[in-house]
Amino acid sequence: MPIVQILANSLIRAVELGLLAIGLTMVYDLLKFANFSHTEFAILGAYLAFLFNVTLELNIFLSAIGAAILTGFIGISLDRAIFERLRGVGSVTLMVTSFGLAIVMRNIVRAIWGADIKGYAIELQRPVKFLGARMTPIQMWIIAIAALCMVAFHLLLHKTKLGKSMRATSDNPSLAEASGIDTVKVIRWVWFISTSFAAIGGILIGLETQLHPQMGFVLLLPVFCATILGGIGNPYGAVVGALALGLVENFGLYFNFGNIINLGGVFDLVGEIYVPTSYKPVISFAILIIILLIRPSGIMGRKRER
Amino acid sequence: MGVLSFLIYLSIMTGIYAILSLSLNFQYGFAGLVNFGHVAFFCIGAYASTLLVMGGVPFLAGVLGAMIFAGIFGFLISIPTAGLKEDYWAIVTIAAAEIVRLFFLNEAWLAEGAFGIRGIPQPLRALFSTSTYPAFYLGMVLVFLGITYFALRLLTRSPFGRVLKAMREGDDLPRAFGKNVLRFRMKSMAIGAAFAGLAGSLFAHYITFICPWNFMPIETFIIWAMVVVGGQGNHLGAIAGAAMIQVFYVSTRFAKDYIPIEAELLASLRMVIIGLLVVLFMIFRRKGLLGEKKRSYRLSGEG
């Protein structure tokens, strides 16, 4: 496979994971717990878009926007119903609760839409050549939409009053509260952005592949890996982490590990050694272990702005 | 299936899950380790014991082998995480459990891969008839459950257990007393894992057929539900939780005989209820039904 193609595949994977990782890292940073139900919001959003697009026969763009907004409100409501009651009880309790919520959400999706594979009502995609790589129009859309979301997020964080309040609250909640920032409102906004970004990520993944209720669990490890890789609490790190993971996942499968043992052709000890495709999910785990051993704060650490 | 043989089946499965829930409770309820991949040790125990016994080793040696292999794996995955926060524990253990499952799924040379292993031998099978054997097996499971209960109770009441409980509340206090918290974490991970391996061995030789699909991540969650509902930090609570969740889980299987509902939908709704139960317990009754008993210690030499 040409390198450009592997790069293109990595980029698509990276933007999908990146959108999910941004949301995870925001909630993690603000409320200080790992939200294990995060990727289930992606699946919920993807299925809501399926409801609008296939069942109600709406245009896919309208469906995606509607599903993302709806998922955002569901995120706020679940925070108010569940996590708000548990503020300040410690991260373990919150983590276990979110684990329970994940199971509830996944099985509600399965109860409503069934366990079989589903797809959106979009035209059959024919790949076209773009800068030497073969990409379908939908894959180009995926990159464009995800990039747009990320730019919008950057502008929100740095150019608006809400963004300033968000950064202040995650830095020091009591100081933010004392300076007159409505932290309750900020938390609601963070849940909205986090879960609606997750929904968009889920929809993009559903557009590229297919929908099934186990997607949330399948995504859990890579999204956490990207988040930890980028340094928890840093949305830019999350995107970089997703990019790094996308590259390693895709190059990892085409890398001949025999070359390392043979020292690049100096010896002829072993033949070609490749990572079997069935072990692709293991790559993110291996990276996770390596980061935890070398640099648990991630490649970008925690960036503090004052 | 007759009522009696069904009750024996239910009791055996409850006994096996009670061992799992006791072992997770030891790690989470006492040592504060957030292990979201407990099914990995169950899986390793089941496969280790099966492969050993089918290779000609006596049953009890297979059980021991299951505990040793699971224990070693528990120790290994605690190496990169021992010094890190709970969040990292959770994600690394989830990942480890997936690796274990993928390993047994893909490495067909070792354990038949996705097809699973059939015809796993049962201990002392020749001495009983088909109808009396389950009763014997139930007795055996109860003996192992008793051993697990008393062993873990002894451990948690020992000075070792007191360090674990102190560690659960934060590293500072045990560190101040010169305890190596990393080593304590790794030990409690290995001990809990070994008992989960025991449960795996009992499961394999009872069902006589194992495949990677028996060890899906959802199993871990069911064991967590047992600990959360029964009462973290309480051994009897862990057993009670296992009994309640297992009875609910198995009995709802028969709901489709009485109400017209698809098996697929029923399976989803069942997990929705178990998930909700965990969320509700975390909000309204965090210590579970039984909860941890406060123990006071008197200085020796006093009174």
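A quick word before we click. This is a predicted model, where local features need pLDDT of at least 70 and side-chain atom pairs count only at pLDDT 80 or more, while totals for chains, interfaces and linings use all residues. Residues are numbered from 1 along each chain as its sequence is written, with chains lettered from A and ligands numbered from 1 in the order in which they are written.

**Stop 1: chain B.** You'll find twelve helices and zero strands (DSSP runs numbered from the N terminus, helices being H or I with at least four residues and strands E with at least two). Its C-alpha trace spans about 60 × 45 × 40 Å along the principal axes. Buried residues make up 48% of the 303 residues in chain B; buried means that 20 or more other C-beta atoms lie within 10 Å of the residue's own, exposed means 12 or fewer, and partly exposed is in between, with C-beta atoms placed from the backbone.

**Stop 2: one alanine.** Zoom in on Ala108(B), in helix H5 (residues 108–111) of chain B. Is Ala108(B) buried or exposed? It counts as exposed, because it has 11 C-beta neighbours inside 10 Å.

**Stop 3: where the chains touch.** Now show chain A too. The contact takes 36 residues from chain A and 34 residues from chain B (two residues are in contact if their C-beta atoms, placed from the backbone, lie within 7 Å). On the chain B side, colour helices H4 (86–106), H10 (217–230) and H12 (263–284), the elements that give two or more residues.

**Stop 4: a helix in chain A.** Select helix H10 (residues 235–254) of chain A. Its end C-alpha atoms are 29 Å apart, which agrees with the 28 Å that its 20 residues should span at 1.5 Å a residue (the expected span is 1.5 Å times one less than the number of residues). Its buried residues include Pro235(A), Leu243(A) and Glu249(A). Among the elements covering the buried residues of H10(A) are helix H1 (3–31) and helix H5 (137–159) of chain A.

**Stop 5: a crossing.** Finally, pick helix H6 (residues 161–171) and helix H8 (residues 183–208) of chain A. Their axes come within 10 Å and cross at roughly 100 degrees (axes are lines fitted to C-alpha atoms, for helices over the stretch in contact, and angles run from 0 to 180 degrees between N-to-C directions). That makes H6(A) roughly perpendicular to H8(A), a label for angles of 65 to 115 degrees. Show side chains for Met166(A) of H6(A) and Trp189(A) of H8(A), which are among the residues making the contact.

Key: Parallel < 35°, antiparallel > 145°, perpendicular 65-115°, else oblique.
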